[in-house]
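Dear colleague,

Please find below the structure that I am handing over to you.

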Amino acid sequence: MLKKVAILANGGDVAGFNAVIRGIVKTAENNGVECYGFIDGYNGLLKNEYIKLSTAEDGNAEGILPKGGSIIGSSTNANVFNYKVINENGNIEYKDLSDRCVENIKNNGFDCLFTLGGDGTQKSARDFSTKGINVIGVPKTIDNDVACTEITFGYNTAVSVAMEAIDRLHTTGETHHRIMVLEVMGRYAGWIALEAAIAGGADVALIPEIPYDIKRVAEKIINRRKRGKNFSVVVVAEGAKATDGDIIVEGLRDNGKGVDNTKLGGVGPLVAKQLEELTGLEARNTTLGYMQRGGTPTAFDRVLSTKYGTAAMRLAIEGKFGNLVVIKNGRVDYASLEDVVGQNKEIGAVSGNTLESNLRKVTMDDDLVKTARSIGINLGD
Ligand code: F6P
């Protein structure tokens, strides 16, 4: 019998975190289960910092459905299996502090831990599951790159924000006869760029999965010009790379050891500069950044997050631990964390992936690729 459960939100924030939390808490309360939330992801689990969550009148998990961010915070640098500590000599050391987390879960009497996060978060969740903890994962990320699910929560909101940006770039680009470049997030996957380009009617979408030839992009823009279209909108995923180049890294993050510490960014300004040189037209770049993560979730993400949260709690009640709730063939389902983390290890060689990561990337037979090509969106090849 499940009595007490805990939630943690981990990794970069997305719109929908709170909607998932609310879904879990409401389902828990309706089944007589108490719900708690660790503060700032795995950091809170390590420090044993948590709060009680409640949707009772004036409860902290009440009225949070439309709220961006996470009421229990989140952490992007808390790999507790390889945690950065400063030793007595003042030097940095990395330690496996996961046993302390296991003790905290056990001593507090938590019967299940819900891990809301992307691939890194779910890898730790899988490792806690191996250590005997009852874990259920919920797939979060604007990048939509978690394996075994068709969609992650937060992604649809990011695409909507990017679509609105494209709409706005269209009107200013048209007025000034410019090439307007929009750099969007997505890490090593092109989902946001591709879907937003289709939704916003962009002319070009450059994604990591298809290395681009800038001359082909310039040709597309010059042809548009010949047809009397004196402006173009180009969407570039931050992880896009030229056929003769590499992914552009803006800097390094301090997310821990054994995880991807690269901060991508800078391809948008480069593409704008090169297109200006090749076409003789004026070009401007806009980097959308954290706008894609903040703010209220779309209706789609509110519903998806509620489906995920409630399904996660139902799965816990059924005792089906060690799984991630997923969407499969359009329906709520679940997949083992082992498959989510471990499948397709061969992609580990791809630039940017850590050996054990298992990112879901855009495949060439995806409907989005076919759709984009059919309506003449140039994919840089
Ligand atoms: O994974 C989500 C994401 O927003 C990526 O799209 C982006 O590359 C990265 O996080 C930015 O991370 P940080 O919050 O560390 O700057």
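A polar contact is taken here as a pair of N or O atoms within 3.5 Å. In this predicted model, an N or O atom in the side chain of E238 lies 2.6 Å from an oxygen atom of the ligand. Y290 places a polar side-chain atom 2.4 Å from a ligand oxygen atom, and for R293 the corresponding distance to an oxygen atom of the ligand is 2.9 Å. On its own the ligand has 400 Å² of accessible area, of which the protein covers 85%.

The residues surrounding the ligand are I142, D143, M185, G186, R187, E238, R253, K263, Y290 and R293. By class, this shell comprises six charged, three nonpolar and one polar residue.

Two backbone positions may also interest you. Most residues other than glycine have a negative phi. C148, however, has a positive phi, near 75 degrees; this residue is in the loop between β7 (135-139) and α5 (155-176). C148 has a relative accessible area of 23% and is therefore partly exposed. N329 is likewise not a glycine, and its phi is positive at about 50 degrees. The loop between β14 (323-328) and β15 (331-336) holds N329, which counts as exposed because its relative accessible area is 69%.

Finally, there is a nonpolar patch on the surface, formed by I86, I92 and Y94, with about 290 Å² of accessible area together. Of these residues, I92 belongs to strand β5 (residues 92-95) and is partly exposed, at 49% relative accessibility.

Yours sincerely

Key: Residues numbered from 1 in each chain as written. Predicted model: local features only at pLDDT ≥ 70, side-chain atom pairs only at ≥ 80, totals over all residues. Heavy atoms only, no water. Patch = residues over 30% accessible without salt bridge, like charges linked within 9 Å, V, L, I, M, F, W, Y side chains within 5 Å. Areas by Shrake-Rupley, 256 points an atom, 1.4 Å probe, with all protein chains shown as cover. Salt bridge = Lys/Arg side-chain N within 4 Å of Asp/Glu carboxyl O. Helix = DSSP H or I, 4+ residues; strand = E, 2+ residues; numbered from the N terminus. Buried < 20%, exposed > 50% of the residue type's maximum accessible area, 1.4 Å probe, protein only. Near = heavy atom within 4 Å. Polar contact = N/O pair within 3.5 Å; in protein donor to acceptor, adjacent residues only side chain to side chain. Nonpolar A, V, L, I, M, F, W, Y, C, P; charged D, E, K, R; others polar.
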